[in-house]
Structure formats: structure tokens, C-alpha cells
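Dear colleague,

I am passing on the structure that we spoke about, and my notes follow below it. Please read them with the coordinates open beside you.

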Amino acid sequence: MAPTVREASADQAEFLDELLAAGLLLDSGVPGVYGHDETFEDVRERLADRLSAEAAQRGAQRLRFPPVLPRRQLESSGYLSSFPHLAGNVYAFDGDEGAAQRQSERAAAHEDWSEFQQPTELSMMPAACYPVYPAIARRGRLPEGGVFVDAGGAWVFRHEPSHDPMRRQIFHQHELVRIGEPDAVLEWRDEWANRGLEILRGLGLPAELDVANDPFFGRRGRMLARNQQADKLKLELLVPIAGPEPTACASFNHHRDHFGSTYGLELADGSTAHTACLGFGHERIVLAMLRIHGLDPARWPVSVRAQLWPQKGRDERVEHD
Amino acid sequence: MSSDETVADIRGVLAEQARLPVDPGSLGVDEDLFGAGMTSHASVNVMLALEDRFDIEFPDAMLTRDAFSSIGAIASAVSSLKAETPAG
């Protein structure tokens, strides 16, 4: 299948060229799939540590999951109804030796070999919070006060190939998840939206908080998007990086009882829990910093470096100057 | 079709699709369906079922929360679309 590739604006294309030329991004040949060099990864890992430290200070427990989701969970989550265009599944060979031979020949000639492939029980991870809900539900009723989970910067997949360097098919989404009483969950979401704004502004990014909606599919999706906007269920931190619109670098999502009822998450009194999640896009935040402060993090302003390298920021700056 | 029949049909669609914790027959025509427990996803299923039931298509501008917020709002949306459709 040759999917439609979203075009980049002139400044997005230019930014991508600069990132590749500087070696910060490593081209795979597939739009929206890039490796990172050590400089990029150092910033991204520092950002991940900073976010996890903020969460740990406020009582988060760390859970980590692989970047694949059991297909049955994708099927029962409603994702295929809301985002059929973004989902990806893992397929694998199913056949005898003759089929293997024909598959190999067709693949070597870059012809269609999909008839030899069958869906496995795995899907690509669509959002880093998805494995958290059933894992917590399996523990039984929630403790008093609910739970706060730091799911870390996990790889997630969205099938939306693009030449815009900010729109990846696979990227690190750092999710924090809150499961608990309805009022407490909403309060937590709003409190973290403001904390997120402070964190990004502390990194020298001109972030703004705004009401947003998910990219739901089709006519059904247009109505879901408007409902989501009207209920202010999704907030985003937007940063102008390149292109006609600012880029969403973090989102703060209130699910009400959607996941609570889907996965049987129960409060201590047996009623259905509410959930909220925050997603920080590691790569987008790093790209925003590279765009705004320059492609060499060693030369970033001391105040910005101090946010990510708390002890060493000042000393390193002196060395490089 | 009289407006009474339309309202009865809308209640029927709500009973099948709205997943309300109450019987849609007991709701007043002006009562807020979202307040009564209809979720966003359920409202979309209601919209699609109404299109099937009345053989209409809601234009993009009508795919809003307000248009599906009460039985009365749905009835007026359905009536305005049926008035545009030639009988047949």
C-alpha cells in the first residue's frame, strides 16, 4: 500500500533538511520515521527525567510497557471506531514452505506479498496510556484516593506519514495517568495543564494552553470533535515551531468514565472510576527547543539548560563559550 | 407523519442507542439528554440511527451537541430535514 503522504510547508521542509544535515535526525527513507543522534537523545532523555521527577514528587508510581498492545484490547477500546485511519496492526507469515518461497520472491521484487500474512494478536501501541487501565483494573478496587501512574516516554504509532518533521508515525509519548474520584481527576487534569505550561515556558518555549479535539475520523468524528470541544475534555499546549499552525506539544485529556466503564475500574466504594491522562510529546518538545534556541544544545541559554541539566548547566556553558 | 409520531420514533431510537440509565419514555421533550447520562459516543450512535430511521442525512452544520441535546431539539432538526426531502 502506498499511503498518501501529507506535504510539508516550506519552513517545515527547510527545518527537516537542517535537522538531517546537522545529523540530529537520521533518515529511514520512510516519511515520519527517524532515528536520533546522541545530542538529540541526550535532550530527550533529560526531558523524560524531568517529567518523571515532577510526577514522582507528587506520588506517581512508574509502570513501563512494550510498544505493542494486545489486539483484543484495541478492539474493545473503541479506538477503531474513533481513529480507524491511525491504527496499525502487526501481521506475520502463515503458510507452508511453498508459500514462504513465493512470499520471499514477491517481497524481493517489491511486489504485493500481503496474501501470505495474517494478523497476529498484537497491534501497534496507539497511545501510551492504553495498557495502564487494564493493568490497574486487574489489581481490583482502587485504593482510597485512587492512583497516579507515570507510564514514561513510550513509543506510540500513528499511521499518518508526513514530510512535516513534527508529525511522526512513531514517537515517544510521555503519559501520566490519573484514575480516581470524578472531582479529583478533573482537578488533577487542570492542575497539570498549568504545570505543563510552566514547564514548557521554563524551557524557553512560547507555549499557550487551548481547548482542542482529537483527530476523530469521518462524519461521526466531526460530531465527537465538537462534543469534545464543547465539554473542554481536551486541552493542548501549543508552540509555534514551523508551518501555518502552532504544534501541539502536550495534551491533557479528561475521559470521564469512558475507560473506567470499559475496563471495570472501580473506586473503593465500587462505583466507576474516572480517568484522565497527560501526554507530552518528547520529540515535538525537543524539536521546538532546537528550532527556537538553535541546533546546538550546548549553546542554549543558561536558564534553559539549567531546567534539564540542573547541576551542570552553568559549567558546561562556560566550557563551550 | 405527525410530530407525535416523530417524537415516538425518536424515543424508540433513544431507547436503542442512547444507553440512558432512565427510560426515554419518561423524559420530557425539553429535558437535557446529556444531563440524563447520554455520552458523546452514544449521541453519535443516536445521530446515525436517526438517519436510518427517518431516511435523512444531517448536514455537517447540524452535527453538534445542541442539535441532539433534547427530544425537542432532535424533533425540530428531523422535521426541518424531512421538509426538504420530497415525499416518495
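Contact here means heavy atoms within 4.5 Å. On that basis, eleven residues of chain A are in contact with 16 residues of chain B. This is a predicted model, in which local features need pLDDT of at least 70 and side-chain atom pairs count only at pLDDT 80 or more, while totals for chains, interfaces and linings use all residues. Residues are numbered from 1 along each chain as its sequence is written, chains are lettered from A and ligands numbered from 1 in the order in which they are written, and side-chain values use heavy atoms, with hydrogens and water left out.

The interface

The area buried between chain A and chain B (the accessible area, with a 1.4 Å probe, that two parts lose on being put together, summed over both) is about 1,400 Å², and carbon and sulfur atoms give 50% of this area. Of the area that chain A buries against chain B, 49% is supplied by Arg219(A), Arg220(A) and Met223(A), more than by any other three residues. Four salt bridges are counted between the two chains, a salt bridge being a side-chain nitrogen of Lys or Arg within 4 Å of a carboxyl oxygen of Asp or Glu. Arg219(A) forms a salt bridge with Glu51(B), and their closest N and O atoms are 2.6 Å apart. On the side of chain A that touches chain B, helix α8 (residues 218-230) of chain A gives the most, with eight residues; helices (H or I, at least four residues) and strands (E, at least two) are DSSP runs, numbered from the N terminus.

The sheet of chain A

Seven strands of chain A form an open sheet of mixed pairing, in the order β3-β7-β8-β12-β11-β10-β9, where two strands pair if DSSP finds at least two bridges between them. The edges are taken by β3 (61-62) and β9 (208-212) of chain A, each with a single partner strand, so one side of each is left without a neighbour in the sheet. Strands β7 (residues 147-157) and β8 (residues 170-180) of chain A run antiparallel and are joined by ten bridges, and Val147(A) stands opposite Ile179(A) in β8(A).

Two buried residues

His274(A) lies in strand β12 (residues 274-281) of chain A and counts as buried at 17% relative accessibility, where buried means under 20% relative accessible area, exposed over 50%, and partly exposed in between (1.4 Å probe, protein chains only). Not counting residues up to four places away in sequence, His274(A) touches several residues, among them Arg178(A), Ile179(A), His254(A) and Asp257(A).

Ser52(A), in helix α2 (residues 38-57) of chain A, is likewise buried, with a relative accessible area of 15%. Its side chain is joined to that of Asp150(A) by a polar contact of 2.7 Å; such a contact is a pair of N or O atoms within 3.5 Å, and within protein one must be able to donate a hydrogen and the other to accept it, with residues adjacent in sequence counting only if both atoms are side-chain atoms.

Two positive phi values

Most residues other than glycine have a negative phi. Phi of His110(A), however, is near 55 degrees; His110(A) sits in the loop between α5 (97-108) and β6 (117-124) of chain A and is exposed, with a relative accessible area of 75%. Phi of Asp55(B) is also near 55 degrees, and Asp55(B), in the loop between α2 (40-54) and α3 (71-84) of chain B, counts as exposed at 65% relative accessibility.

With best wishes
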